[in-house]
Amino acid sequence: MELLQGGLKLRQLQVFREVLRTGSTRRAAMALGISQPAVSQHVKQLETTLGITLFKRSSNRIVPLQEAWELLRNVELAITSLDRLESSIFAMKNDEKQRIAIAAPSVFGFVTLPKVVAIIHSQTASNVRSISGSYDQIGEHILAGRADLGISRLPVDPRLFEWAPLGSARNVCIFHPDHRFARQARIEAQDLAGETIVDIDPQFAAHQMNFNALRFAGVEPDILVEFDCNGHEAGYVSAGLGISITNEIIAREYAAFRLGVKPVEPSAIYHYVAIWQKGRTFTNALNVSLEAIISVFAAMSPEAASRSKTTSASVPETVAPLM
């Protein structure tokens, strides 16, 4: 806010972005429909306002410094958010269809989210923006207003979010269908001796739990590939490069890979939820979207489907449609 009050203007940021996009003040001027001296003036004003040198100047050209590229990342985010805000205001003024933004780990784009989008499309005039990220990032997307709904796991902060249960999952091992594990009823830690493993990065709790269990059983893990988000392991496993430990809900997203799936012992339990910002007022389109997420998870999970026969899967009272 202080920078905005001190003279930082959106036009300066737009010109700055175009200079880096096009590679020169001349091409930026052509793209923006203004003169080249005007472009140079906007860039100089931006540097003065920020108190940072962004370009090295030599003869008739300017060369971006590292500071310019670092600033560009945030400028792109800010301008994109403003563009989205402008579109949203225009839609509200003209009673146009609403865009629903759903944040979820990218792995849910394989099976779950396409089914959710199909329901939303069939019942509303809304389109959908899918935003990916880690479980921590899902919450950040919602709190920042980038997403309306999220697919996440417990625990979540009840001071910031409300949620609806989607299902619970235990650990499973996924493997190539021709693997020897196909003949076993379940996979235990000692069975992994001698197996190459495709594993999620060490900062994830799932990694620590899996490897603690292996080492407790006297097995030293042989990691072939580490990946940084769920979804990547399916390709390596389907290529026969190793086995991987995930959970039942994530494993359902790999149906097209036709992988073998067997329960793992010892196992943890994961509770999946749909989340939204606490106190959020829901439109009809958002109600439909939340119900779509709940119903798709119920249809895909035997446990959730069984529970839905005895309890209503309707949207909680806190998100009832506006009257």
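Colleague: Is arginine 258 buried or exposed?

Modeller: Arginine 258 is exposed, because its relative accessible area is 68%. The scale runs like this: buried is under 20% relative accessible area, exposed is over 50%, and partly exposed is in between (1.4 Å probe, protein chains only). Keep in mind that this is a predicted model: local features need pLDDT of at least 70, side-chain atom pairs count only at pLDDT 80 or more, and totals for chains, interfaces and linings use all residues. Residues are numbered from 1 along each chain as its sequence is written, and side-chain values use heavy atoms, with hydrogens and water left out.

Colleague: Where does arginine 258 sit, and what is its phi?

Modeller: Look in the loop between α10 (248-252) and β11 (260-265). Arginine 258 has a positive phi of about 55°, although it is not a glycine. As for those labels, helices (H or I, at least four residues) and strands (E, at least two) are DSSP runs, numbered from the N terminus.

Colleague: Which peptide bond is cis?

Modeller: The one from leucine 154 to proline 155, with omega near 5°. Proline 155 is in the loop between β5 (149-153) and β6 (161-175).

Colleague: Okay, rings next. How is a pair of aromatic rings described?

Modeller: By the distance of the centres and the angle of the planes. Here, rings of Phe, Tyr and Trp (its six-membered ring) pair if their centres lie within 6.5 Å; planes under 30 degrees apart are stacked, over 60 edge-to-face, and the rest tilted. A search of the whole structure turns up nine aromatic pairs. One of them joins tyrosine 135 and tyrosine 272, edge-to-face, at 6.3 Å centre to centre with 65° between the planes. That pair links distant parts of the chain, 137 residues apart: tyrosine 135 is in helix α7 (residues 135-143) and tyrosine 272 in strand β12 (residues 269-277). Tyrosine 272 counts as buried, at 1% relative accessibility.

Colleague: Why is the pair of tyrosine 254 and phenylalanine 257 edge-to-face?

Modeller: Because their planes are at 90°, with ring centres 6.2 Å apart. Tyrosine 254 counts as buried at 3% relative accessibility, whereas phenylalanine 257 is partly exposed at 32%.

Colleague: Which residues do ring pairs link into a cluster?

Modeller: Phe108, Tyr135, Tyr272 and Phe297.

Colleague: Last one: how many residues of α11 are buried?

Modeller: 13 of its 17, so helix α11 is mostly covered. You can check its span too: the expected value is 1.5 Å times one less than the number of residues. For residues 284-300 that should be 24 Å, and the end C-alpha atoms are 24 Å apart, which agrees.
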